[in-house]
Amino acid sequence: MHQYANPNRFLTLSDRILPWLSGLAVVLFAIGLPWALVVAPPDYQQGETVRIMYVHVPAAWLAVFCYAGLAALSAASLIWRHVLADFAARAIAPIGACFTFLALASGALWGKPMWGTWWVWDARLTSVLILFFFYLGHIALSRAFEDPTRGARAAAILALVGVVNLPIVKWSVDWWSSLHQPASISRFGTPAIHPDILIPLLIMAAAYFALFAALALIRTRTEIWRQRLRVLRLTRIERQQPLAGPSRPAGA
């Protein structure tokens with residue numbers, strides 16, 4: 001995979017993949033949204049409120065997945081000094097933050113009719129909120145230095161520190177008492193969700209992942225071109241500055 005760490009090769013490869021990913025995301029959303037919001041039956045306990053799940057659950061999955069990818073890119077940046085890893089990490093951090101915010105907001109909308117409150121400080125909700133703050137911290141640190149390399153290093157270290165929060169997000173409902181239900185899809189045996197609800201949920205999850213991949217490619221390409229533009233501007237400024245030399249007295 002080291003050969004694809006070259007920005008030029010990445011631009012060529014992503015230029016071929018991006019139209020297919022974008023088209024796949026559009027097709028999956030065109031199928032999943034009507035199925036989830038109109039065709040799928042209401043839940044026997046939650047009623048029509050269950051439809052929030054089709055937005056909330058995939059967003060929560062992507063919140064964790066994006067951060068795991070961010071941590072992997074940060075490790076690659078610190079260990080192998082791959083500049084493309086810095087570009088990709090800077091690109092996907094805002095995407096992950098948006099998915100995390102969507103998970104928190106839709107979870108509040110879901111929690112009010114189900115639990116009678118918008119928010120409780122249980123382990124799952126608190127750990128996802130902390131995950132959101134780690135995203136914001138990465139975004140801020142990566143842009144806090146005039147030298148992009150220093151910002152990338154600081155943000156990468158923060159991203160790796162935040163990895164300790166991912167197991168808490170995942171297994172908090174099993175470790176502590178929580179209003180959240182335990183795993184219903186990844187449990188051993190058969191999922192505890194009826195296929196009429198599970199199938200559109202999986203289609204929506206696939207649509208979210210395709211959307212994330214397309215956005216990640218677009219933003220990474222943008223970061224590469226932004227860095228190249230910065231280098232060109234600095235080069236032009238250096239060329240316009242006169243060369244400094246010792247002053248000579250008049251008439252010498």
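Let me begin with how the model is treated: as it is predicted, local features need pLDDT of at least 70 and side-chain atom pairs count only at pLDDT 80 or more, whereas totals for chains, interfaces and linings use all residues. Residues are numbered from 1 along each chain as its sequence is written, and side-chain values use heavy atoms, with hydrogens and water left out.

On the overall picture, the protein chain holds seven helices and zero strands, where helices (H or I, at least four residues) and strands (E, at least two) are DSSP runs numbered from the N terminus. The pattern along the sequence accordingly reads α-α-α-α-α-α-α. Of the 252 residues, 40% are buried, and here buried means under 20% relative accessible area, exposed means over 50%, and partly exposed lies in between, with a 1.4 Å probe and protein chains only. The chain exposes about 14,700 Å², of which carbon and sulfur atoms supply 68%; accessible areas come from the Shrake-Rupley method with a 1.4 Å probe, and for residues only the protein chains shown count as cover. Taking contact as heavy atoms within 4.5 Å, 76% of the contacts between residues at least 6 apart in sequence join residues at least 24 apart.

Let me turn to helix H1. Helix H1, residues 7-39, bends by about 35 degrees at Ile17, and a proline, Pro19, follows within four residues; the bend is the angle between axes fitted to the seven residues ending at a residue and the seven starting there. Among the buried residues of H1 are Phe10, Leu11, Leu18, Leu21 and Gly32, and the cover over the buried residues of this helix includes helix H2 (53-80), helix H3 (83-115) and helix H7 (195-240).

Next, the aromatic rings. Rings of Phe, Tyr and Trp (its six-membered ring) pair if their centres lie within 6.5 Å, and planes under 30 degrees apart count as stacked, over 60 as edge-to-face and the rest as tilted. By this rule the count comes to nine aromatic pairs. One of them joins Tyr67 and Tyr135 edge-to-face, at 5.3 Å centre to centre and with 80 degrees between the planes. This pair links distant parts of the chain, with Tyr67 in helix H2 and Tyr135 in helix H4 (residues 123-142), 68 residues apart, and both tyrosines are buried. Trp119 and Trp121 also form an edge-to-face pair, at 5.3 Å centre to centre and 75 degrees between the planes; Trp119 counts as partly exposed at 27% relative accessibility, while Trp121, at 66%, is exposed. Phe29, Phe99 and Tyr208 form one aromatic cluster.

Finally, Lys170 has its place in helix H6 (residues 165-175) and is partly exposed, with a relative accessible area of 42%. The C-alpha atoms of Lys170 and Trp61 are separated by 9.5 Å, although these two residues are 109 residues apart along the chain.
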